[in-house]
Amino acid sequence: MKPPPFEYHSPTSLAEALAVLADRTDAKPLAGGQSLIPAMNFRLAAPAALVDLNRIDQLAGITESEGRIRIGAMTRHRAVERDGRIAARAPLLAEAMPHIAHPQIRSRGTIGGSLAHADPAAELPAVMVALDATLVLQDGAGERRIPATEFFTGLFATALRPGELVTAVEVPALAPRTGWAFDEFSRRHGDYALVGVAVMLSLRGQGRCDRVRIALLSVGDGPVLAGSAMETLQGTRPTPEAIREAAERAAREDIAPPSDIHASESYRRQLVRVLTRRALTRAAARAAGARP
Amino acid sequence: MIVEGTYPLPGKPEAVWDLLMDPDVLAKAMPGTRTLTRTGPDRYEGTMAVGIGPITAAEFDLVITLTDVMRPESYTMLIDSKGRFGFARGAARVVLVAGGDGTALEYRADLQVGGKIAGLGQRLLDSVSRMMIRQGLEALQRELAARLG
């Protein structure tokens with residue numbers, strides 16, 4: 001199918017793009033187009049105008065400074081997946097990347113596009129919440145920074161204001177004695193995950209958990225931080241029993257998953273139980289120095 | 001698809017009941033409702049526009065018929081809506097239970113969704129309907145609190 005008619009803007013600078021978006025409240029920014037264009041072709045989305053961000057060079061690229069890695073919003077998934085600094089300094093992100101759809105989609109899709117789209121089954125929102133990343137947003141009035149946990153506000157809903165763009169995401173570089181793990185389950189590789197989990201786990205002196213973050217995807221309106229599971233592990237040794245208890249609480253208390261033709265609520269809870277246990281086990285072993 | 005739950009509302013069942021029959025109040029309980037008028041003793045007609053995230057809001061024609069009306073305890077809403085992107089129809093059973101100073105609204109809706117929205121948005125239907133019901137009940141609670149003072 002073909003999309004309904006739309007006006008097309010192709011700015012070459014961020015300032016120009018923001019000016020068009022401020023002027024045209026009925027315009028949608030176009031990043032990699034891997035969700036928006038299919039929605040337009042099915043005629044589910046009918047924006048009056050598109051502001052194509054693909055010619056704005058300053059929005060793409062990965063830089064590192066002061067313990068933070070900054071990824072420009074228009075950086076393609078494939079570039080993140082293949083980046084050596086990401087592999088070394090943000091390995092959770094590197095581990096999650098191959099789970100995003102298929103290589104063709106990753107070659108075109110962008111990190112900023114995925115975060116702004118805020119699909120409840122997407123990997124990157126959960127990864128950013130687990131990493132405690134910061135979203136950099138900009139509109140004509142200026143730039144603001146917002147933690148990932150506050151950026152995702154509901155089903156396909158974010159803290160973005162009209163006319164505002166995600167320009168970058170900043171993730172903290174891997175701290176010492178910190179482990180990570182990403183896992184998800186889908187019936188076919190590349191399909192939307194029925195459940196996914198992203199874990200960051202830091203150990204302190206006596207091998208106790210100093211900082212644990214567990215973010216789940218596809219079990220709510222957006223990424224879900226498994227608060228009671230995190231609390232279970234805080235300050236304790238990540239023994240198999242403690243991990244089992246945390247995974248159990250994640251499955252029972254932290255989520256209210258949907259039922260659909262792909263998976264029932266109880267099946268999703270079981271997947272959370274199993275995947276959270278596996279991810280915590282792997283993250284704890286990595287934090288203790290085991291080879292990934 | 002079945003969506004069910006219980007939600008606390010302010011006011012005695014009789015007062016809640018009268019307001020629930022008011023099309024202006026009923027419209028508040030259904031997010032996206034643009035117009036809603038009573039066209040018969042137990043019949044309402046109107047339009048609603050629903051858009052989620054990237055999906056441009058699509059207008060639906062809406063007809064609601066009440067059956068099994070047992071004032072002030074329970075009724076069944078028969079819902080029939082259709083628009084460019086498909087249709088949603090089904091029945092929602094509503095039971096009002098007095099408790100303390102307020103009323104517990106128990107609901108159980110059995111909805112069928114078809115057409116383009118069901119074909120393309122299947123994985124989101126449950127989340128979207130739960131979100132709309134939650135938003136609707138929150139709005140209803142605010143409306144009742146304001147009207148019952």
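**Salt bridges in a predicted model**

At 42% relative accessibility, K28(B) counts as partly exposed, because that value falls between the limits of under 20% for buried and over 50% for exposed. Side chains of opposite charge can pair when their charged atoms come close.

K28(B) forms a salt bridge with E143(B), and the closest N and O atoms of the two are 3.9 Å apart. The pair links distant parts of the chain, since K28(B) sits in helix α2 (residues 23-28) of chain B while E143(B) sits in helix α4 (residues 125-148) of chain B, 115 residues apart.

In chain A, E81(A) forms a salt bridge with R106(A), with 2.7 Å between the closest N and O atoms. Because E81(A) lies in helix α3 (residues 77-81) of chain A and R106(A) in helix α6 (residues 103-108) of chain A, this pair ties together parts that are 25 residues apart in sequence. Both E81(A) and R106(A) are buried.

Another pair in chain A joins R145(A) to E143(A) by a salt bridge whose closest N and O atoms are 3.4 Å apart. R145(A), at 44% relative accessibility, counts as partly exposed, and E143(A), at 45%, counts as partly exposed too. These two residues belong to a network of salt bridges that links R68(A), R70(A), E143(A), R145(A) and E170(A). Over all chains, the structure holds 33 salt bridges, among them the pairs of K28(B) with E143(B) and of E81(A) with R106(A).

Methods:
Residues are numbered from 1 along each chain as its sequence is written. Chains are lettered from A and ligands numbered from 1 in the order in which they are written. This is a predicted model: local features need pLDDT of at least 70, side-chain atom pairs count only at pLDDT 80 or more; totals for chains, interfaces and linings use all residues. Side-chain values use heavy atoms; hydrogens and water are left out. A salt bridge is a side-chain nitrogen of Lys or Arg within 4 Å of a carboxyl oxygen of Asp or Glu. Helices (H or I, at least four residues) and strands (E, at least two) are DSSP runs, numbered from the N terminus. Buried means under 20% relative accessible area, exposed over 50%, partly exposed in between (1.4 Å probe, protein chains only).
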